[in-house]
Amino acid sequence: MEPGASSLMFIKVAFSFTVMFIVLPSLVTRFKEEDDTILDRLFIPLIHSTLFIIIAVHLLVVLKLFETLSLIAVCVAGFVYFWRRKFGVARIDYGTRVVTEIFDVSEDVPGSMRQTRLWFGQLWNNSKALMQHMIRRIRKYPLAAALIAVTLGYAAYVRFHHAFAHLYFAASDPYIHAKWAKSLLKNTLYVDGVYPQGYPAVLSAISGFFMIDLYGIVRFIGPIAGILIVLSVGHSVRKFGANPYGVFIAMFVYTGFAALPSYVWRQLSALPMEYAAVFVLPGLVYWVLFCRYGSKHHLLLAAECLLLTLLMHPFSTACLGVAMAVAGVIYAYRIWRRRQLWTVFAYLAGAGAIGLLPIGIGRLLGIPFYASSFDYVVNSVQAGEKSPSFSRLWSDFAAGPNGVILLSAAFAALLATGVYIIRRGRLKQRETGLPVFILINVLFFMMYKAKEIGLPMLVPPDRMGVFFSLLAANLCGLALLALDRLMDAGTYKRYIIAAAAMLFAGFIVMTGQTVKVPIGYRYQYDESVQAYLHIKNEFEAGNWTIVSPVEEYPLVEAFGYHTNLWEFVQNISPGSKEKVGFPTAHVFFFVETKPLVGGKEIAPSDATKPFPGPVEGDLADFYYRSNNRVILEAKLNNWVQWYMKRYPDKMSVYYDSPQFKVYHLRQSAGTPPAELPKLPEEEVGVW
């Protein structure tokens with residue numbers, strides 16, 4: 001795929017995501033005075049709209065009504081309702097209101113045009129006000145704005161590099177979620193078993209609403225979520241103070257500090273835990289703000305974030321739930337004093353009930369859990385040792401500069417906290433949240449190192465590190481914010497804070513502990529995706545079949561047909577009694593002449609080896625087990641070469657590269673299909 005085509009695909013996906021989840025929802029979102037920052041205008045609409053879309057998709061799928069028109073109708077109805085609610089239109093029965101609005105639009109074209117102009121006018125005014133606010137902030141803090149822009153640019157480069165450099169996905173899970181999203185588009189829930197479907201619901205909604213191929217969405221949505229995670233780190237600091245250098249240092253530490261176990265490579269791909277992580281820090285921040293000041297608006301946002309994690313990934317729920325519990329215990333007296341304990345219970349219990357409802361219904365219907373993920377989650381929970389040993393942690397810090405940096409940052413944070421607590425009463429300034437977040441960081445670090453220490457483990461280290469890194473970066477920003485609060489107002493205050501931020505960032509860079517561009521896993525050749533895209537665009541939908549390993553299946557679904565490589569090879573082998581045929585006019589055989597596993601080209605001798613059965617368990621694992629893929633590719637190539645020599649008028653080379661080839665079989669479409677001949681015994685291992 002040409003760079004221009006990839007850029008166009010990205011623009012379509014980014015534009016669709018922004019319009020659906022940020023721009024249009026912002027028109028009907030009521031922003032409170034204390035929640036009117038630039039990042040609030042990003043995350044609050046994102047929280048509301050994501051939850052609305054996920055619930056809408058679930059309901060439409062259950063009713064077997066999920067399609068483009070029904071989704072647009074639900075979104076329009078929701079938009080109209082929240083628009084009228086925001087601007088104080090007199091309340092009437094909601095059903096009557098929606099029907100009335102539809103008739104008004106259909107019968108009064110000039111009136112509907114005026115309404116549309118009003119919506120666009122509101123969008124223009126909001127955008128204009130937002131730009132003016134940004135310009136004022138940039139003029140006031142030009143250096144901080146430049147540093148934040150550079151940090152975001154590097155974060156985008158790291159996360160989007162794979163998506164623009166390669167056509168294949170960087171992990172295996174995106175193939176599964178693409179499959180589930182297409183199943184939702186066909187009004188099928190839990191196709192492989194019960195598992196949170198919030199993330200596939202987001203993917204399918206973008207695809208269904210804007211009629212975009214899911215391949216492009218899955219290819220770019222992971223890096224988009226990665227940038228949102230970076231912004232959520234900045235947002236979590238900005239909510240406690242207006243110092244942009246605190247925002248910068250938090251975003252820089254998360255983006256550039258390699259010692260943090262952020263596992264950035266996961267943000268190259270469409271993964272539900274990473275998308276749910278977008279809502280972890282906002283949910284925690286709004287919860288802390290509610291605990292302090294009692295605004296139900298913040299409680300609602302925190303409950304929505306908790307609900308979103310429940311609908312997407314259990315590890316995200318566990319981490320956000322633990323963090324909220326710690327903050328809740330610290331601020332319990334304030335909540336009790338305001339007599340809001342029942343309100344808190346109602347909101348959070350309601351969020352939990354709604355989040356567990358889809359899974360509960362699925363289990364009541366007798367659908368089993370999705371075994372692979374369910375077993376992994378269950379096995380991740382482990383009991384601790386009888387005698388935990390914290391001394392094991394020192395070996396990690398003693399080796400290399402990472403421990404020095406982390407310990408220095410922790411000492412600086414504790415020192416700033418102590419001095420700040422002493423002086424805050426005299427300074428009469430709002431809390432920064434530093435003490436609370438220090439405690440949460442300590443707990444998250446213990447959870448991250450639980451296996452080494454011997455403590456009970458709730459989340460595996462490679463997943464817990466993702467959330468610990470978010471909190472650690474947030475803590476660095478809050479420490480700088482506390483330092484800013486410690487200093488009396490003066491001419492040089494801004495310069496001192498800027499110097500401190502740049503010195504800390506420079507120290508990390510000079511030690512060489514900066515994040516490099518990660519390399520994703522490869523489950524396909526770029527040529528394989530390129531061939532699929534050409535076939536999809538060139539041939540009539542539903543009239544072609546691809547024979548290949550399992551990775552192409554979720555891409556092909558809904559456009560053509562797919563047959564697994566192992567199944568075709570088994571049925572076409574000498575002695576097989578199975579009839580082999582395809583009802584489509586075009587059949588494409590994807591042959592890896594240099595299989596992804598093995599590192600060498602297939603040879604005729606590979607085709608003489610026994611069929612690598614039995615075929616059981618996860619097919620993705622089967623194809624990468626031992627020499628299975630090499631043998632299967634060799635046997636497929638054996639049959640294709642023999643068939644092309646025998647029927648040169650029917651079979652030809654469609655795509656050719658040194659490591660990957662596609663062969664095109666042309667035949668008459670029909671049911672029952674014409675039977676393909678088996679490979680003769682004497683031709684085995686000959687090409």
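How many helices and strands are there in the protein chain? The chain holds 29 helices and five strands, where helices (H or I, at least four residues) and strands (E, at least two) are DSSP runs numbered from the N terminus. The model is a predicted one, in which local features need pLDDT of at least 70, side-chain atom pairs count only at pLDDT 80 or more, and totals for chains, interfaces and linings use all residues. Residues are numbered from 1 along each chain as its sequence is written, and side-chain values use heavy atoms, with hydrogens and water left out.

Two totals describe the chain as a whole. Of its 687 residues, 53% are buried; buried means under 20% relative accessible area, exposed means over 50%, and partly exposed lies in between (1.4 Å probe, protein chains only).

The packing of helices may be followed through helix α8 (residues 198-210). Helix α2 (residues 40-62) packs against α8 at an angle of about 90°, with the axes 9 Å apart. Axes here are lines fitted to C-alpha atoms, for helices over the stretch in contact, and angles run from 0 to 180 degrees between N-to-C directions. The angle makes α2 roughly perpendicular to α8, because angles of 65 to 115 degrees receive that name, whereas those under 35 count as roughly parallel, those over 145 as roughly antiparallel and the rest as oblique. On the α2 side the contact involves Thr 50, Ile 53, Ile 54, Val 57 and His 58, which meet Gly 198, Ala 201, Val 202, Ser 204 and Ala 205 of α8. The residues of this contact of α2 with α8 comprise six nonpolar, four polar and no charged. In this division Ala, Val, Leu, Ile, Met, Phe, Trp, Tyr, Cys and Pro count as nonpolar, Asp, Glu, Lys and Arg as charged, and the others, Gly among them, as polar.

Helix α1 also meets α8: their axes come within 10 Å and cross at roughly 105°. These two helices are therefore roughly perpendicular to each other. Ser 16, Phe 17, Val 19, Met 20 and Phe 21 of α1 make the contact with Val 202, Ala 205, Ile 206, Phe 209 and Phe 210 of α8. The residues of the contact of α1 with α8 divide into nine nonpolar, one polar and no charged.

Where does Glu 34 lie? Its place is in the loop between α1 (3-28) and α2, and with a relative accessible area of 43% Glu 34 is partly exposed. Glu 34 and Lys 239 are 205 residues apart in sequence, yet 8.9 Å apart in space, C-alpha to C-alpha. Not counting residues up to four places away in sequence, Glu 34 touches Asp 40, Lys 239, Ser 295 and His 298.

A search of the whole structure finds 42 aromatic pairs. One of them joins Phe 160 and Phe 164, a tilted pair at 6.3 Å centre to centre with 50° between the planes. Rings of Phe, Tyr and Trp (its six-membered ring) pair if their centres lie within 6.5 Å; planes under 30 degrees apart count as stacked, over 60 as edge-to-face and the rest as tilted. Because Phe 160 and Phe 164 are four residues apart in helix α6 (residues 142-165), about one helical turn separates them. Phe 160 counts as buried at 11% relative accessibility, whereas Phe 164 counts as partly exposed at 35%.

Phe 589 and Trp 639 form a further tilted pair, at 5.4 Å centre to centre and 55° between the planes. Phe 589 lies in strand β3 (residues 586-591) and Trp 639 in helix α29 (residues 628-646), so this pair ties together parts that are 50 residues apart in sequence. Phe 589 and Trp 639 are buried.

Which residue lies over the face of Phe 31? Arg 41 does, at 4.3 Å from the ring centre. Such a charge sits over a ring if NZ of Lys or CZ of Arg is within 6 Å of the ring centre and within 35 degrees of the ring normal. Lys 536 lies over the face of Phe 559, at 5.0 Å from the ring centre.

Methods. Contact = heavy atoms within 4.5 Å.
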